[in-house]
Amino acid sequence: MNLLEVKNLDIDYVTKEGNLKVVRDVSFTLKQGESVGLVGESGCGKTTLAKTIMRLLPDNGVISGGEINYKGENIVTKNKEEIRKLRLNEIAMISQSAMNSLNPVYTVGEQIIEGIRSHTNMSKKEAIKRAEEVFAIIGLEKKRLKSYPHQMSGGMKQRAIIAMALSLNPSLIIADEPTTALDVVVQDKILSQITEIQKQTKSSMIFITHDISIISELCETIIVMYGGKIMEKSSSKVFFKAPYHPYSLGLQNAFPSILDIDKGDLISIPGAPPNLMGELKGCRFKERCPFRTDKCMEELPELKEIGEDHQIACHYPERVDEFREESKKKETWQMVSDRIINESKGDA
Amino acid sequence: MLNYIARRVGIMLLMIILVSTMIFFLFRAMPGDPTAFVVDPSMAPEARQVLIERYGLDGSLWDQYKVFIKDLVKFDLGNSFFYGRPVMKIITDRIPATLILMLTGMIIAYGIGVFGGALMAWKRGHKLESAGITIALIFRSAPTFWVALMSIILFSVNLKWFPAQGMRTSGYTGETFKEIFMNLDFLKHLILPSVVAGLYFIATPLLIMRNSMLEVLSEDYIEMARAKGLRENRILYKHAARNALLPVVTAGALFLGSAIGGMVLLETVFSWPGLGREIVQAVTRHDYPLAQGAFIIMSSLMMIMNLVADILYAVLDPRISYR
Amino acid sequence: MVDAMNKPRSKTVKPKDKSNSISRLFLNNLKRDKLALIGVVILVIFLIIGVFSESLAPYDPSTRHYNEEGKIRRLEPPSKEHPFGTTDIGRDIFSQVILGTRTALIVGLLASFLVTFIGSTLGIISGYFGGKVDAIIMRIVDLFYAIPFIPFVIVLSAVLSPSIWNVILAVSLLSWRTVTRLVRSQVLSVVQRPFIKAARVSGAGHGRIMLKYVLPNVIPLIMLEMAFNINAAIMAEASIAFLGFGDPTKQSWGQILHINFVTGNSRNAWWWVASPGLAIVLLLVSVFFVSRALEEVVDPRLRGR
């Protein structure tokens, strides 16, 4: 059985100016022990998607369609108390901003014990023992439990957050850019620790990042999101050998792995994620795609199977070789940049 | 921590001396007979002469100041013209009444204000929020003494729920603290003035708590607390309110100055025998030593409470280091 | 947030542009914010009453009124001839409240102007020069924070003769501290901006830099503080007058209540108590609504709160 099934999920943010269609028609599944990587720029809907799985959307966030089935039960229709019991106990989150995710006026230990005790009948002593255990797993001294957040370094706080997420052996861990705020050395250490632990505990993981190179080591499946939609979904092995979607190609060239850094120039995809307000026509990536055609401007590409466990949302899977070649060149993306400037002039 | 407190107490004592100095020179800078501010004009000439020498009034201003400071250090604030007793004795008799009224008012205001403000932020956009803001706004814009007068008309004169004035039913005299304050009669007299005081204080904690809560609620650690699967009440009071409380404490300390001023007005309206009413009467009776002494003590009280608020803040916020 | 950061910065160099945009934003705000609009309307009515109070008041406030039988109209509740009733010696309370408006407005406007003038001058000097000057001014501010307001004013009135000028003086003497603190902290950040350094390098004098470059950037904050201080000053005047230390020659709301209280009529003549108090509440609430709308313009973060 699948641990998690997301089916045709739509999420909106209700604002005074209208509805923001932050996530549209997203589907994927996750088996016990498996992990999936969600990749995309900020504002592409990946964090919203993750929060929705824990039902942590802000007040103006609405699930406007679809299902999220966790262990066969639809999370979307559960009431507050049922959701509360699920959090940390079943689904735990390692948040984006570990720096600010700990309450400054309580010690780290107090905060971990609080989480443990709100889901179990453990006595304070037992909870402290459990906290010490998870601290040991993550490589923090147990005396650190008595520290206040401001007395710890960024790396330590991040570890403490990971320890908290592990404290009740959850089946699913959602890691939302868990290392962005840290320096590179600490990043690597923590990432390898996360992989290690995930393998040991056999929990599933959703790993969110904008850095595509991290996924290859961590996750079996990769989902590339853009403008609230899935652009490409594939097993990591296949994806890193041969990505299809022009957006994936852009991302790949923007974050080369250390091995092929000398192969070509680093590029960046010009422009910004699309405005998701109002009526959306055509492909979400059309403004920034170097290969767009008239069809892309009018018609939204469906997610279609192009290989085993490999789906993309592009009208032109057959032109992939040409795309791969072109997307390595700086000029290709320069052209997009010029086009964006021209179009904005046209508007004004 | 002890060092920190010691240092703060030192600064406070210096401040008290500075404020006293200011008030000393303010009185002496006035035209007319300088002795009139220290020695009762209605005294017999021989007795006057003794006191003039005692306070150095025949000497220079500097000599007088030295005597004044020496006396101040010994808690000697001179003699009241009206009562003919030491000022310090009169004031220490009045302080408990003022403090009890003020603290009861503050407990009412901060109790309701902190919880109400937290709730208002939590239920944003709810009717409760706008109602709370409107009430706070009205009582902030209404002069305390007027609210006091109106409440007497309504609750004492028309409804006859509470006595209208004083601390005790007339005819009753108590000697010890227990006799005066520890009984039902006193409590009955305390309710109306302390509720009015509470209404006067309430805008500050209520509005600041609400704003501060709104800010705190958008913090990452609140989302984390939700992600941990804590119950709403626990998130609201243990995580959000605890942090939102910090600015309320700071604002409360700064508010003390006007709170003491408010006491002066309230005590006058309710004929509450405290320090505030005493200072008004002293000035009206041209009893300068008493007015001067009452002022010095009121400033000192304010500074002491300020210090208490600062220490409380340091206890509440572990990030504060006691430099 | 981006909005909040960029707005003042992009306009820092053109002060005129800035004040224009503030008044325009404020007017736009009025269309949206009904409470602020009501505030402005009430405020204008008060201003008109204040300016024309002599001709608007139906009677002289100290005239004693007699009824048909030739008896003094003692403590009469509101009626057609006397909409707010009469005092214990037959004076018309409505006329007294009308005339009190002027005192409240004069004290409110003048004192708040003085307070913000003293406060922002010291605040700009303190923040601009920094170092020792700053330290000294801030210690003085600390000292003034240690003085309780009403008791100080009472003691002051013991040595000065009672007049509204002394009330204004007393209010100004004690209220500048808050303005100084706020202006100083904003100046500290303004001074860090490149155009101030550029002006220094180009050899502009301190006075010129403070007036031409620093001041325009703190004007919105100063205006806001002025608005908030109007209320504080009106309230202070009312309190002082109520305690009997006000100007005996000028009608004021606080004094109406003082006479009511000392003549022992505060419990039997509700109209005498209610009317001046309601006038104070109405004026203060309207000033508050207006200053809140102004605050939203000055501090974009507050919009939509």
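Let me start with one helix pair in chain B: B:G132, B:A136, B:F139 and B:R140 of helix 5 meet B:L199, B:Y200, B:I202, B:A203, B:L206 and B:L207 of helix 8. By meeting I mean contact, that is, C-beta atoms, placed from the backbone, that lie within 7 Å. Helices here are DSSP runs of H or I with at least four residues, strands are runs of E with at least two, and both are numbered from the N terminus.

Before going on, note that this is a predicted model, where local features need pLDDT of at least 70, side-chain atom pairs count only at pLDDT 80 or more, and totals for chains, interfaces and linings use all residues. Residues are numbered from 1 along each chain as its sequence is written, and chains are lettered from A and ligands numbered from 1 in the order in which they are written.

Back to the pair. The contact of helix 5 of chain B with helix 8 of chain B divides into eight nonpolar residues, one polar and one charged. In this scheme Ala, Val, Leu, Ile, Met, Phe, Trp, Tyr, Cys and Pro are nonpolar, Asp, Glu, Lys and Arg are charged, and the others, Gly among them, are polar. The axes of helix 5 and helix 8 (residues 184-217) of chain B come within 8 Å and cross at roughly 135°. Axes are lines fitted to C-alpha atoms, for helices over the stretch in contact, and angles run from 0 to 180 degrees between N-to-C directions. Helix 5 and helix 8 of chain B are therefore oblique to each other. The classes are these: under 35 degrees is roughly parallel, over 145 roughly antiparallel, 65 to 115 roughly perpendicular, and the rest oblique. The crossing of helix 5 of chain B with helix 8 of chain B is left-handed, meaning that the near helix is turned anticlockwise from the far one by less than a right angle; clockwise would be right-handed.

A second pair in chain B is helix 6 and helix 10. Their axes come within 9 Å and cross at roughly 25°, which makes helix 6 of chain B roughly parallel to helix 10 of chain B. That crossing is right-handed. Helix 6 of chain B brings B:T144, B:F145, B:A148 and B:L149, and helix 10 of chain B brings B:G262, B:L265, B:L266 and B:V269. By class, this contact has six nonpolar, two polar and no charged residues.

Now the neighbours of chain B.

Helix 12 of chain B and helix 7 (residues 149-159) of chain C pack at about 160°, with axes 10 Å apart, which makes helix 12 of chain B roughly antiparallel to helix 7 of chain C. Their crossing is left-handed. B:A291, B:F295 and B:M298 meet C:P151, C:V155 and C:A158.

Chain C itself has twelve helices and zero strands. Its C-alpha atoms fill a box of roughly 85 × 45 × 30 Å along the principal axes. Of its 305 residues, 46% count as buried, which means 20 or more other C-beta atoms within 10 Å of the residue's own; 12 or fewer is exposed, and in between is partly exposed.

On the chain A side, 17 residues of chain B are in contact with 22 residues of chain A. Helix 9 (220-227) of chain B and helix 10 (232-269) of chain B each give two or more residues, and helix 9 of chain B has the largest share, six residues. This side of chain B divides into five nonpolar, three polar and nine charged residues.

Last, chain A. Eight strands form an open sheet in the order 6-7-8-3-9-10-12-11, with mixed pairing. Two strands pair if DSSP finds at least two bridges between them. Strand 6 (91-94) and strand 11 (304-307) of chain A are the edges, each pairing on one side only. Strand 7 (residues 172-176) and strand 8 (residues 204-209) of chain A pair in the parallel sense over five bridges.

Notes:
Contact = placed C-beta atoms within 7 Å.
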